[in-house]
Amino acid sequence: QVQLVESGGGLVQPGGSLRLSCAASGFTFSNYVMSWYRQAPGKERELVASITNTGSRTNYADSMKGRFTISRDNAKNTMYLQMNSLKPEDTAVYYCRATRALSGRSYWGQGTQITVST
């Protein structure tokens, strides 16, 4: 059974840091591009960052570039998102996504809430 389970979310003060994890199972993790998306209340879901199957290349949305870092450990079937210098506008539900390049098949996690507030 395919599973993507996010963890590491919670409440953090502006300027603080969090590290999200996405634990994958039920498929060949190393064959999939991995991505983080987020969705704030009243807004569309947006891409945060993506990473190729081997971790050789990464891409970031402009608003996150320089503050967030995506990584993966294929030996652990886990993807990470290191978030630094967090701002209130980063408040959202963050979702893990796995995408098989050739077919476009995608799997989504349930999401984890990030709240940046005093």
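**A salt-bridge network and the nonpolar core**

In this predicted model, Arg67 and Asp90 form a salt bridge whose closest N and O atoms are 2.7 Å apart, a salt bridge being a side-chain nitrogen of Lys or Arg within 4 Å of a carboxyl oxygen of Asp or Glu. Because Arg67 lies in the loop between β6 (58-60) and β7 and Asp90 in the loop between β8 and β9, the pair ties together parts that are 23 residues apart in sequence; helices (H or I, at least four residues) and strands (E, at least two) are DSSP runs numbered from the N terminus. Residues are numbered from 1 along each chain as its sequence is written, and side-chain values use heavy atoms, with hydrogens and water left out. Local features need pLDDT of at least 70 and side-chain atom pairs count only at pLDDT 80 or more, whereas totals for chains, interfaces and linings use all residues.

Asp90 also forms a salt bridge with Arg38, with the closest N and O atoms 2.9 Å apart. This pair links distant parts of the chain, since Arg38 belongs to strand β4 and Asp90 to the loop between β8 and β9, 52 residues apart. Arg38 in turn forms a salt bridge with Glu46, the closest N and O atoms being 2.7 Å apart. The structure holds three salt bridges, and Arg38, Glu46, Arg67 and Asp90 are linked in a network of them. With buried defined as under 20% relative accessible area, exposed as over 50% and partly exposed as in between (1.4 Å probe, protein chains only), Asp90 counts as buried at 1% relative accessibility, as do Arg38 at 7% and Arg67 at 12%, while Glu46 at 32% counts as partly exposed.

The largest nonpolar core has 30 residues, those with the most contacts inside it being Leu4, Met34, Trp36, Met79, Leu81, Met83 and Tyr94; such a core is a set of buried Ala, Val, Leu, Ile, Met, Phe, Trp, Tyr and Cys residues joined through side-chain atoms within 4.5 Å. Among the strands that each supply at least two residues of this core are β4 (32-39), β8 (78-83) and β9 (92-100). Tyr94 touches (heavy atoms within 4.5 Å) residues including Leu20, Arg38, Leu81 and Met83, not counting residues up to four places away in sequence.
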